[in-house]
Amino acid sequence: MTDLAKYRNIGIFAHVDAGKTTTTERILKLTGKIHKTGEVHDGEATTDFMEQEQERGITIQSAATSCEWDEHRLNIIDTPGHVDFTIEVYRSLKVLDGGVGVFCGSGGVEPQSETNWRYANDSEVARVIFVNKLDRVGADFYRVVKQVEDVLAANPLVLVLPIGIEDHFVGCVDLLTRKAWVWENDTDPTAFTIQEPPADMADAIEEWREKLVETAVEQDDEILEQYLEGNEPSIEDLKRCIRKGTIALDFFPTLCGSAFKNKGVQMVLNAVVDYLPNPTEVKPQPEVDLEGNETGEFAIVDVNKPLRALAFKIMDDRYGALTFIRIYSGKLGKGTNVLNTFTGKTERIGRLVEMHADSREELDSAEAGDIVAIVGMKNVQTGHTLCDPDKPATLEPMVFPDPVISIAVSPNDKAGSEKMGIAIGKMVKEDPSFHVETDIDSGETILKGMGELHLDIKIDILRRTHGIDVTVGKPQVAYRETITKRVDDSYTHKKQTGGSGQFAKIDFILEPGESGSGFEFESTVTGGNVPREFWPAVEKGFKKSLDKGVLAGYPCLDFKVSLYDGAFHAVDSSAVAFELASAAAYRQSMPKAGPQLMEPIMKVDVYTPDDHVGDVIGDLNRRRSIIKSQEAGAIGVRIKSESPLSEMFGYIGSLRTITSGRGQFSMEFLHYRPCPKNVAEEVIKEALERDGKSE
């Protein structure tokens, strides 16, 4: 049986270009999993195996691999850093026990680092921090440590200090042992010596070691007492305290190095083994019922408990559909039947494989703590629970944000039409933040995603991976509608067609809801004027009408319907009649309630060199942005703003022009805000023209 204490399920996450994938490559080289390291900038990284990843030098989908270090098994997931793909980070963190947060030594804590850090906090994932790229111009380890404290409100526990910086960076001092690890060259990570640290670092080493010891011993009252009496704790005791505090999220062990120059990666691997939790040391996953309420039961990591596994990623490759699962409890073998609690159907496990990026090894069985892939499952999607059919349970599902941007696509020939349907179907299964729908009026296929790059990649995959030539419309914003006034109204639905007719009367109040409240319904009818069994039909009629607002046909949000009176007929009233009455009431009353168009507002984070700040702010102001803050950093200024999505199309091009290619930005959905009158008029006019053309 596997010793779970020797397992580490970890993810590597960070901002774009902080060096996550390069770090993963070095880990695989050091653990003997690969013999030649591939570089991201050459498009040869092991975990970046999609053509689009190799060309752009970014990670798009999280890749899973496993390796061995110091007799421990590491299951590693390399996640994307770009904001359009945070969904990949979120769903990976959901199934991991620990993480390595990589920060750039010169860029520091960048916009996307914050989002990923927040996700990791939400998922309560223990982390170690690796400050990478200390060989770069402008690198400053101590500044990044300060940023982790100030920007992320986290507590970094510094375990190593860099020896030299930028071109002179040669290694690190391990504060626990007070020994220096010095690498002789940039190409061989194993060519290092452990020696006495430089004499001029003695004061800094003692100062930082004291901070380290004082923070660590707080985890154990006995050791703390001994320390206060003047007894130096042993390295074993300190490691035990650091491990305890790391798992409790009290602090984050912080290391440094240069993955590209092969320096410092062993120390990260040692920290993963020493300080990150094994599967049994993590809070067990709560089980929920079919309505999503917690049952009080937990999926405890134990091979002898009933099977509980979560599907966290679906991937389609040349061998067929792969379902990545994290097994929380029990065992899974080839040929066993499992129940999918979401669909209520059982499926047979055909083939189990262990993934190494895009190559695989066949397995006969897997058990609690493992991350494996199942080949050929038909009806499983991201977030579904697989369990023992005799002892069913559902694990807490994943919640994905709604897309904010859409484009219309159409194949250029008839043959492509069917192929496109199949290809898009596969892509939707793989990526829960990617939606597709058909416009009923125009018959166009509408793709919806989290940002321009997200949809750009999807189109690229359609064209190259699936060989479908498509024409793409211009991006469309996902507007919403709401109401601003309270309306007290009544509607009577009567229909007589011989035989029994239809009759339903409803008296109701429409009123604006709190921002973010969605749609609320309540009934205060007394005396049986509208019998209780028809209340759900009234709610359903309004709910079904929500998808089409009265201004421009966009979905309606944040309003409340209160049913307070009405009438029914003993023979002619039915649920259908009340549903039709409320649908017609929606169309009658919404125009009276001061309908208003809402636009998606994005949280925008821009980095610009000092000499272009004025131009960048001027450009953002022209885009109707509200500047929230400006923070000066060592190599530039960070500007935070709230900007309407409709004004941000093609922003990366403008930013590069303004900053001579040196600026960068990230953007994520924040909330909906009322549209200015002139913008709303334009959007409504376009929508009416569109509807007019399609009729």
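The model is a predicted one, in which local features need pLDDT of at least 70 and side-chain atom pairs count only at pLDDT 80 or more, while totals for chains, interfaces and linings use all residues. Residues are numbered from 1 along each chain as its sequence is written, and side-chain values use heavy atoms, with hydrogens and water left out.

**First stop: E599 and R624**

E599 and R624 form a salt bridge, with 2.8 Å between the closest N and O atoms; the term requires a side-chain nitrogen of Lys or Arg within 4 Å of a carboxyl oxygen of Asp or Glu. E599 belongs to strand β35 and R624 to the loop between α14 and β36, so the pair ties together parts that are 25 residues apart in sequence. Helices (H or I, at least four residues) and strands (E, at least two) are DSSP runs, numbered from the N terminus. R624 is partly exposed, its relative accessible area being 25%.

**Second stop: helix α14**

Select residues 613-622, which make up helix α14. Which residues of α14 are buried? They are V613, V616, I617, D619 and L620. These residues cover an arc of only 160° around the axis, which puts them on the same side of α14; the arc is that of the directions from the helix axis to the C-beta atoms. On the face turned away from the buried side, the exposed residues G614 and R622 are found.

Next, display β35 (595-608), β36 (626-632), β37 (637-644) and α15 (651-658), against which the buried residues of α14 pack. Contact here means heavy atoms within 4.5 Å.

Move to N262, in the loop between β11 (252-256) and α9 (265-275). N262 is not a glycine, yet its phi is positive, at about 65°. The residue is buried, with a relative accessible area of 7%.

Then select D558, in the loop between α12 (535-545) and β34 (559-567). D558, likewise a residue other than glycine, has a positive phi near 55°. Is D558 buried or exposed? At 10% relative accessibility, D558 counts as buried.

Side chains of opposite charge can pair when their charged atoms come close. By the salt-bridge rule, the count comes to 28.

Select K6 and E71, whose side chains meet in a salt bridge at 3.8 Å, N to O. This pair links distant parts of the chain, 65 residues apart: K6 lies in the segment before β1 (7-14), and E71 in the loop between β2 (63-69) and β3 (72-78). K6 is partly exposed at 29% relative accessible area, whereas E71 counts as exposed at 65%.

Continue to D364 and K334, a salt bridge whose closest N and O atoms are 3.6 Å apart. D364 is in the loop between β20 (359-363) and β21 (365-367), and K334 in the loop between β16 (331-333) and β17 (337-340), a link between distant parts of the chain 30 residues apart. D364 is exposed, with a relative accessible area of 58%; K334, at 40%, counts as partly exposed.

Finish by selecting K540, K544 and E579, which are linked in a network of salt bridges.

Technical notes. Buried < 20%, exposed > 50% of the residue type's maximum accessible area, 1.4 Å probe, protein only.
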